[in-house]
Amino acid sequence: MKDHKNLAFDSLLIHGGDIEDTYGSAVVPIYQTSTFAFKDVNHGARLFAGEEDGFIYTRIGNPTISALENCVAGLENGFGGIATSSGMGAVNSVYLAFLHSGDHIVSTDAVYGPARVVIENYYSKLGIEYSYVDTSNIQNIIDAIRPNTKMLYIETPANPTIALTDLKKCADIAKKNNLVFVVDNTFCSPYLQKPLDFGADIVLHSVTKFINGHADIVGGIIVAKTQEHYKTVRGAMVTMGFNMDPHQAYLVLRGLKTLSIRMDRAQENAIKVADFLENHPKIEWIKYPGLKSFAQYELAKEQMDGPGAMISFGVKGGLEAGKILMNNVKLALLAVSLGGVETLIQHPASMTHSKMAKEAKLKAGITDELVRYSVGIEDVNDIINDLKQALEKI
Ligand code: LCS
């Protein structure tokens, strides 16, 4: 691993994963191997004992994967990264690392559906208690804390409501109550938000989204602020077998190089798309952190370095009108996922959040008419014209 500690963010995107390579390869090679030969028995023993750095077995660690881990850890200003097979692998590594039977978790009600459903349907069977609250109101978090609360887990902006949660205030509450403070930073990427700088202990991503950005892999990553937390989470990930694959890591490293320029373009497009939608007579409401009408516009400016590329809105005429829109877009793909170079549209209530109980969905603001739109980097006029012609069909 080369020392790039003093490089700026955009340089880290290109060089933060650089490794020493025998042939001077310009990009990190794919070490497509499951295992690594030891020099002798004592060498193997030293590696297992953690007395010497090196690679043992790809589930435990691999040069291509560790290049990605080092790169993202640098981008998030954390101690170390832990790459996983999927974003849910990252979420579960963190849950399993810290939650014990009898512990309680307080979390954002509108988190990515499966991150909540897995607690309600599976961890609950292991004796873990939970409270899902609207964390955009800090008082709700304070009120939900119990003597056995162990973790505060938030998503900001939340998927799919775009509700923001105040990172600084959460960090204060977590510190006061001795909670592990975890932030899912998928919607922003480290380019737009660095939760560890605001006092979070752990940040995680579905790298399937903006970090990779090309809709060609599924993956996740966790970055811990301290060595102690890093070791705890890595231990859980390795023994659970939630590891990333070297080829996946190679693709993510490649996608990551253009994170800043992709996000700049997607965001520039999103600002124009949001403006178009806000002024369209067939749009009932819109949530986008870059709009002055956004209820948490000031908080967005405080903790995000830009409003991002995710928009949620409702069409006049509710779900039926929304369906006409979603069935008639031609450029945008009607597909789940987000954060890629291509524009996507989807219906959370029946797709990404379909496994959540109906009542819980409504309480969290995931209403039937909510349409989620992930703005890509196509020509913005084509994106707007696509929406325009589809809205005309209503
Ligand atoms: N966290 C957030 C905020 C997400 O949006 C997702 C996936 C995950 C975690 C899980 O990551 P995965 O295992 O899929 O890599 N979000 C999706 C979405 O909104 N549509 O499809 C997947």
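What covers the buried residues of α15? In this predicted model, the cover includes α11 (259-278), β8 (283-287), α13 (318-328) and β12 (370-374). The residues of α15 that are buried are V380, I383, I384, D386, L387, Q389, A390 and L391. An α-helix has 3.6 residues a turn, so residues three or four places apart point the same way. The helix itself runs over residues 380-392, and its length can be checked: at 1.5 Å a residue its 13 residues should span 18 Å, and because the end C-alpha atoms are 18 Å apart, the two values agree. At the N-terminal end, α15 is capped by D379, which places a side-chain oxygen 2.8 Å from the backbone nitrogen of N381.

The cap here is N62, with a side-chain oxygen 2.9 Å from the backbone nitrogen of T64, at the N-terminal end of α3. Just after the helix, N77 has a positive phi of about 60°.

How many of the 13 residues of α3 are buried? The count is 11, so that α3 is mostly covered. Those buried are P63, T64, I65, S66, A67, L68, E69, C71, V72, A73 and L75. They pack against both helices and strands: α1 (9-15), α8 (189-192), α9 (227-240) and α10 (246-256) on the helical side, with β1 (80-84) and β7 (220-224) as the strands.

Next comes the ligand. It is surrounded by 18 residues, of which D184, S206, T208, K209 and R372 are the closest. The side chain of N159 brings an N or O atom to 2.9 Å from an oxygen atom of the ligand. Of the 480 Å² of accessible area that the ligand has on its own, the protein covers 93%.

S93 sits within helix α4 (residues 87-98). Because its relative accessible area is 0%, S93 counts as buried. A polar atom of the S93 side chain lies 2.6 Å from the backbone oxygen of G89. Leaving aside residues up to four places away in sequence, S93 touches T84, I222, V233, A236, M237 and F242.

S25, by comparison, belongs to the loop between α1 and α2 (41-48). Its relative accessibility is 34%, and therefore S25 is classed as partly exposed. The side chain of S25 has a polar atom 2.5 Å from the backbone oxygen of V27. Between S25 and R372 there are 41 Å from C-alpha to C-alpha, with a separation of 347 residues in sequence. R372 is one of the residues closest to the ligand.

A loop position can also be covered. A200 is located in the loop between α8 and β6 (202-206), and with a relative accessible area of 2% it is buried. Beyond residues up to four places away in sequence, A200 touches F181, V183, P195 and K225. F55 is 30 Å from A200, C-alpha to C-alpha, and the two are 145 residues apart in sequence.

That leaves the cysteines. How many disulfides does the structure hold? The number is 0. For C170, the nearest cysteine sulfur is that of C188, 14 Å away, and C170 is in no disulfide.

Methods
Residues numbered from 1 in each chain as written. Predicted model: local features only at pLDDT ≥ 70, side-chain atom pairs only at ≥ 80, totals over all residues. Heavy atoms only, no water. Disulfide = S-S within 2.5 Å. Buried < 20%, exposed > 50% of the residue type's maximum accessible area, 1.4 Å probe, protein only. Helix = DSSP H or I, 4+ residues; strand = E, 2+ residues; numbered from the N terminus. Contact = heavy atoms within 4.5 Å. Polar contact = N/O pair within 3.5 Å; in protein donor to acceptor, adjacent residues only side chain to side chain. Near = heavy atom within 4 Å. Areas by Shrake-Rupley, 256 points an atom, 1.4 Å probe, with all protein chains shown as cover. Expected span 1.5 Å × (residues − 1).
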